[in-house]
Amino acid sequence: MTQENSNAGQAALMQIQIIPVTPFQQNCSLIWETTTNKAAFVDPGGDSDQLIAALEHFNLTLDRIWLTHGHLDHAGAAQTLKEKYDVPIEGPHKEDQWLLDDIEAQGAKYGFPGGRNTRSDRYLDDGDQLKLGEITFDVVHTPGHTPGHVVIYHQDAKIAFVGDVIFQGSIGRTDFPRGDHQTLLDSITQKLWPLGEDMRFVPGHGNMSSFGQERKMNPYVSDSAMNRA
Ligand SMILES: [Zn+2]
Ligand SMILES: [Zn+2]
């Protein structure tokens, strides 16, 4: 394996910009490969004009759209960007397609229109990989907040895009249709903790953190909270 192709080398080629979108201030991530300027959006929930402006500002070519789950604040702008740039939508897991079919109805219900229904070009599951140029990301299926939620991560860059599974000091809501609290706890402790305490994460809302910090401090899923349960 050459230096250029090693995973540690991949991490050095990666840039990330976080762009809050929609009235929910959802963290859309813009990831790009610095050698080619190929870019991916993770969870383009809305404000597509702002996302297009960011691509132009950094002189990037959109190559992929990645979705962690089907809620409108994460997926609402995916169809608009797909049509404008003719790029594939990858993710979430097939169990969230019903939500992607319901984005326009969700927008009407929550009082912000503009999101559009969409279809994934590729459903994801445990062990799948996502390519952005020469950079390879891994996928785990993390149901609980929604049944088809996935987390996208890069092992050597130590960065995970966790959507609404876990936040700094909190965890995802499970009171939406087909949410399940115990399933969410199992996803966090059995799918995310094994990725390592030094894995940092971009949550769907709020500040970045790391799995190690949450294992110490998170009142819902810290090691001490789980031992009490
Ligand atoms: Zn959500
Ligand atoms: Zn959200």
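Predicted model: local features only at pLDDT ≥ 70, side-chain atom pairs only at ≥ 80, totals over all residues.
## Overall architecture

The protein chain contains nine helices and 13 strands. Its radius of gyration is 17 Å, close to the 17 Å that the globule rule gives for 229 residues, so the chain is as compact as a globular protein of that length. Taken along the principal axes, the box filled by the C-alpha atoms is roughly 50 × 50 × 25 Å. Of the 229 residues, 44% count as buried. Among contacts between residues at least 6 apart in sequence, 60% join residues at least 24 apart.

Five strands form an open sheet with the order 1-2-3-4-5 and mixed pairing. Strand 1 (14–21) and strand 5 (89–90) stand at the edges; each has a single partner strand, so one side of each is left without a neighbour in the sheet. In general, strands of a sheet pair through backbone hydrogen bonds, either parallel or antiparallel.

Strand 1 and strand 2 (residues 26–33) run antiparallel and are joined by eight bridges. Within this pair, Pro-20 stands opposite Asn-27 of strand 2. The two strands form a hairpin with four residues between them, and Thr-22 in the turn has a positive phi of about 70°.

## Helices packed on the sheet

Helix 2 (residues 48–57) lies across strand 1, strand 2, strand 3 (38–42) and strand 4 (61–66), and runs at about 155° to strand 1. Helix 4 (residues 78–85) also packs on the sheet, where it touches strand 3, strand 4 and strand 5; its direction makes about 145° with that of strand 4.

The buried residues of helix 4 are Ala-78, Gln-79 and Leu-81. They cover an arc of only 165° around the axis, which puts them on the same side of helix 4. Their packing partners are strand 3, helix 2, strand 4, helix 3 (72–75) and strand 5. Helix 4 is followed by Asp-86, whose phi is positive, near 55°.

## The nonpolar core

The largest nonpolar core has 52 residues, of which Phe-41, Val-151 and Ile-152 touch the most other members. Leaving aside neighbours within four places in sequence, Phe-41 is in contact with Cys-28, Leu-30, Leu-51, Leu-62, Ile-65 and Leu-81. One of these contacts, Leu-81, is also among the buried residues of helix 4.

## Backbone features in the loops

Most residues other than glycine have a negative phi, and most peptide bonds are trans. Several sites in this model depart from those patterns, and the table lists the backbone angles concerned.

| Site | Backbone angle |
|---|---|
| Gln-25 | positive phi, about 50° |
| Asp-47 | positive phi, about 50° |
| Asp-86 | positive phi, near 55° |
| Gly-91 to Pro-92 | cis, omega near -10° |

Gln-25 lies in the loop between strand 1 and strand 2. Gln-25 is exposed, because 12 other C-beta atoms lie within 10 Å and a residue with 12 or fewer counts as exposed. Asp-47 is found in the loop between strand 3 and helix 2. Asp-47 is buried, because 20 other C-beta atoms lie within 10 Å and the threshold for a buried residue is 20 or more.

## Asn-117 and its surroundings

Asn-117 lies in the loop between helix 6 (103–110) and strand 6 (129–132). Because 19 other C-beta atoms lie within 10 Å, Asn-117 is partly exposed. Not counting residues up to four places away in sequence, Asn-117 touches Gln-79, Leu-100, Asp-101, Ile-103 and Glu-104. Asn-117 and Glu-104 are 13 residues apart along the chain, and their C-alpha atoms are separated by 5.9 Å. Gln-79, another of the residues touched by Asn-117, is a buried residue of helix 4.

Definitions and conventions: Residues numbered from 1 in each chain as written. Chains lettered and ligands numbered in written order. Contact = placed C-beta atoms within 7 Å. Pairing = 2+ DSSP bridges. Axes fitted to C-alpha atoms, helices over the stretch in contact; angles between N-to-C directions. Core = buried A, V, L, I, M, F, W, Y, C linked by C-beta atoms within 7 Å. Arc of directions from axis to C-beta. Rg over C-alpha atoms; globule rule 2.2 N^0.38 Å.
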